[in-house]
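Have the model open beside you, try each task, and then follow the solution.

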Amino acid sequence: MDRTSANRDRILDAAERLFSTRGYADVTVSQVCQASGFPVGSIYHHFTNKYGLLAAVFERSSGLFFASLPAVDDLPGDPLDRLGAFYDAAAHVIGDRVLFMRLMFLLQLQEDKDGTIAPLVREARRRVRTELIAVIEPVARSCGVPEPEELALELAELTMSFTAGLVVFTDAEAVGIPAGIRRLRQLVLATIREAAGREGTARENDTREGAAAGSPTPHRR
């Protein structure tokens, strides 16, 4: 890595730490300069302005995050095995990239006055949601859930909300990210099985009602 790239990464590291703990609006370029040890001129040379700096933080961090997640199609086993392996791997990736996760979720709570932040957050959320649906939907389908795509979307949103609470609003170090994600995986599986069980019960009731309707009325003596 050349000196220019190393300096750029050093600035990005400092900005990511500040943005993920204070939010975008409450961080100034001067604070990033102080945290990184570089003058204001260096910040503007590399990133033009604070939004350019945020965009660069997102581009680098999201790239590292998604590159670290396993591809669903590459996971071995049946759909249930792949779901378990994906959530386990995601727990480690989230732990390694917790600053990016905090930043992404914190920006959702912040007013976007000039419309520059929302597209970044939407794209990151879309990519996370797509990965989750790809691993959840096959399990729901294999369990016999009547509308697996709909349930997969619901559980993908639940997963993102749960993860936001884990990395932003709770003491993740006390709870433990792997333990929290493991509980989340159990909740996802329990919801799928409950939905499949309701459908199975409904089919059984329909069968019984149909049989009863078709039964001859017994003759009274």
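Predicted model: local features only at pLDDT ≥ 70, side-chain atom pairs only at ≥ 80, totals over all residues.

**Exercise 1. Work out whether the span of helix α7 agrees with its number of residues.**

Step 1: Helix α7 covers residues 118–142, which is 25 residues.

Step 2: The expected span is 1.5 Å times one less than the number of residues. For α7 this comes to 36 Å.

Step 3: Compare this with the model. The end C-alpha atoms of α7 are 36 Å apart, which agrees.

Step 4: Look along the helix as well. A kink of about 25 degrees is centred on I133. Just after α7, G144 has a positive phi of about 90 degrees.

**Exercise 2. Decide whether R125, R126 and R129 are buried or partly exposed, and find their salt-bridge partners.**

Step 1: Recall the cut-off: buried means under 20% relative accessible area, and exposed means over 50%.

Step 2: Apply it. R125 has 15%, so R125 is buried. R126, at 39%, is partly exposed, and R129, at 21%, is partly exposed too.

Step 3: Start the partner search with R126. This residue forms a salt bridge with E123, with the closest N and O atoms 2.9 Å apart. R126 and E123 are three residues apart in α7, so about one helical turn separates them. E123 is partly exposed, because its relative accessibility is 37%.

Step 4: An α-helix has 3.6 residues a turn, so residues three or four places apart point the same way.

Step 5: Move on to R125, whose side chain meets that of E157 in a salt bridge (2.8 Å, N to O). R125 belongs to α7 and E157 to helix α8 (residues 148–169), so this pair ties together parts that are 32 residues apart in sequence.

Step 6: Finish with R129, which also has a salt bridge with E157 (2.8 Å, N to O). Since R129 is in α7 and E157 in α8, this pair ties together parts that are 28 residues apart in sequence. E157 counts as partly exposed, because its relative accessibility is 25%.

**Exercise 3. Describe the surroundings of A14.**

Step 1: Locate A14, which sits in helix α1 (residues 3–22).

Step 2: Check the accessibility. The value is 1%, so A14 counts as buried.

Step 3: List the contacts. Leaving out residues up to four places away in sequence, A14 touches V32, A35 and S36.

Step 4: Compare sequence with space. A14 and S36 are 22 residues apart in sequence, and their C-alpha atoms are 5.4 Å apart in space.

**Exercise 4. How many disulfides does a search of the whole structure find?**

Step 1: Recall what to look for. A disulfide is a covalent bond between the sulfur atoms of two cysteines.

Step 2: Look at two cysteines. C33 is buried, because its relative accessibility is 8%, while C143 is partly exposed, because its value is 35%.

Step 3: Give the count. The search finds zero disulfides.

Notes. Residues numbered from 1 in each chain as written. Heavy atoms only, no water. Disulfide = S-S within 2.5 Å. Buried < 20%, exposed > 50% of the residue type's maximum accessible area, 1.4 Å probe, protein only. Helix = DSSP H or I, 4+ residues; strand = E, 2+ residues; numbered from the N terminus. Bend = angle between axes of the 7 residues up to and from the residue. Contact = heavy atoms within 4.5 Å. Salt bridge = Lys/Arg side-chain N within 4 Å of Asp/Glu carboxyl O.
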